[in-house]
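Here is a short note for a colleague opening this entry for the first time. Please keep the structure in view while reading.

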Amino acid sequence: MSIKQLLFSLLSITLQQTAYSAQLTILGSGTCMPQPHRKAPGNLVSAGNTHVFVDAGPGILQAATKHVDVTTLHGAFYTHFHFDHIGDLPDILTWLHVNQWSHDLGEDIAAPSPFTIYGPVGIENHVKTFLNLAFAGATVTKCVKFVELAPGQTIEVGDFKVTVHKVPHTKESVGCRSTLLPTSSSPSNPGSCGCLLQPQG
Ligand SMILES: [Zn+2]
């Protein structure tokens, strides 16, 4: 995956030189091919109390634990259905399922927070099929919700307003552009900088 492709598939993040208002952590920028220093694609986007993945290939949940309390994740955006971008879903869903199951059994563990999976039209069916292939008979736990993204759509996600764009790659591929809401709990909200890339196509 080239840097250009990565930038097209990322949420565009508003950055400020001194006091940040949003933070992008690139957890992986490679592919599923074995490489010593590049994991499969995965990004952590944070602002205020909102933390989301933008794509999460194999190993991304583990990698994120160095940067965020993963129990606070709001959810994950998926740009398309290629395995290197969604490959950590079985791990993410199993982690949520085990936490929910343990909580329901009365163990001393908090119930997982709601976790929303955003993705192109068809994401829910695709994820359920993928999970069943990874773990036969497994079902998506009750804290998981799905939101389909269509080009032209605008949604609010925690501290972000997200607009959805069609991007070139696969027929379902979408890119998302985020801006901070005026009510963001982030330490500052400077608005967009001039260097943001606009999704093409
Ligand atoms: Zn791809």
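In what order do the six strands of the open sheet run? The points below start there.

1. **The six-strand sheet.** The model is predicted. Six strands form an open sheet, and their order is β1-β2-β3-β4-β5-β6. The pairing is mixed. β1 (23-28) and β6 are the edge strands, each pairing on one side only. On average, neighbouring strands of this sheet are turned by 20° against each other, direction ignored.

2. Look at β4 and β5. Strand β4 covers residues 75-77 and pairs with β5 in the parallel sense. Three bridges join the two.

3. α5 has 12 residues. From first C-alpha to last, α5 reaches 16 Å, close to the 16 Å expected at 1.5 Å a residue.

4. Which residues of α5 are buried? They are Ile123, Val127 and Leu131. Seen down the helix axis, the buried residues of α5 fall within an arc of 65°, so they line one face of the helix. An α-helix has 3.6 residues a turn, so residues three or four places apart point the same way. The other side of α5 carries the exposed residues Asn125, Thr129 and Leu133. The cover over the buried residues includes α4 (89-104), β5 (115-120) and β6 (144-149).

5. Phe130 is found in helix α5, which spans residues 123-134. Why does Phe130 count as partly exposed? Phe130 has 17 C-beta neighbours inside 10 Å. A buried residue would need 20 or more, and an exposed one has 12 or fewer. Leaving out residues up to four places away in sequence, Phe130 touches Ile86 and Leu89. Phe130 and Leu89 are 41 residues apart in sequence, yet 8.3 Å apart in space, C-alpha to C-alpha.

6. **The three-strand sheet.** A further open sheet has three strands in the order β7-β8-β9, with antiparallel pairing. β7 (154-157) and β9 (174-180) stand at the edges. Each has a single partner strand, so one side of each is left without a neighbour in the sheet. Neighbouring strands here are turned by 30° against each other on average, direction ignored.

7. **β8 against β9.** Strand β8 (residues 160-166) is joined to β9 by seven bridges, and the two run antiparallel. Lys166 stands opposite Val174 in β9. Val164 stands opposite Cys176 in β9.

8. **β9 itself.** Is β9 enclosed or open to the outside? Seven of its seven residues are buried, so β9 is largely enclosed by the rest of the structure. Val174, Cys176, Ser178 and Leu180 point one way from β9. Gly175, Arg177 and Thr179 point the other way. In a regular strand the side chains alternate between the two faces of the sheet.

9. **The whole chain.** The protein has five helices and nine strands. Along the sequence, the pattern reads α-β-β-β-α-β-α-α-β-α-β-β-β-β. Buried residues make up 38% of the 201 residues. Among contacts with a separation of 6 or more, 59% join residues 24 or more positions apart.

Methods. Residues numbered from 1 in each chain as written. Predicted model: local features only at pLDDT ≥ 70, side-chain atom pairs only at ≥ 80, totals over all residues. Helix = DSSP H or I, 4+ residues; strand = E, 2+ residues; numbered from the N terminus. Contact = placed C-beta atoms within 7 Å. Pairing = 2+ DSSP bridges. Axes fitted to C-alpha atoms, helices over the stretch in contact; angles between N-to-C directions. Expected span 1.5 Å × (residues − 1). Arc of directions from axis to C-beta.
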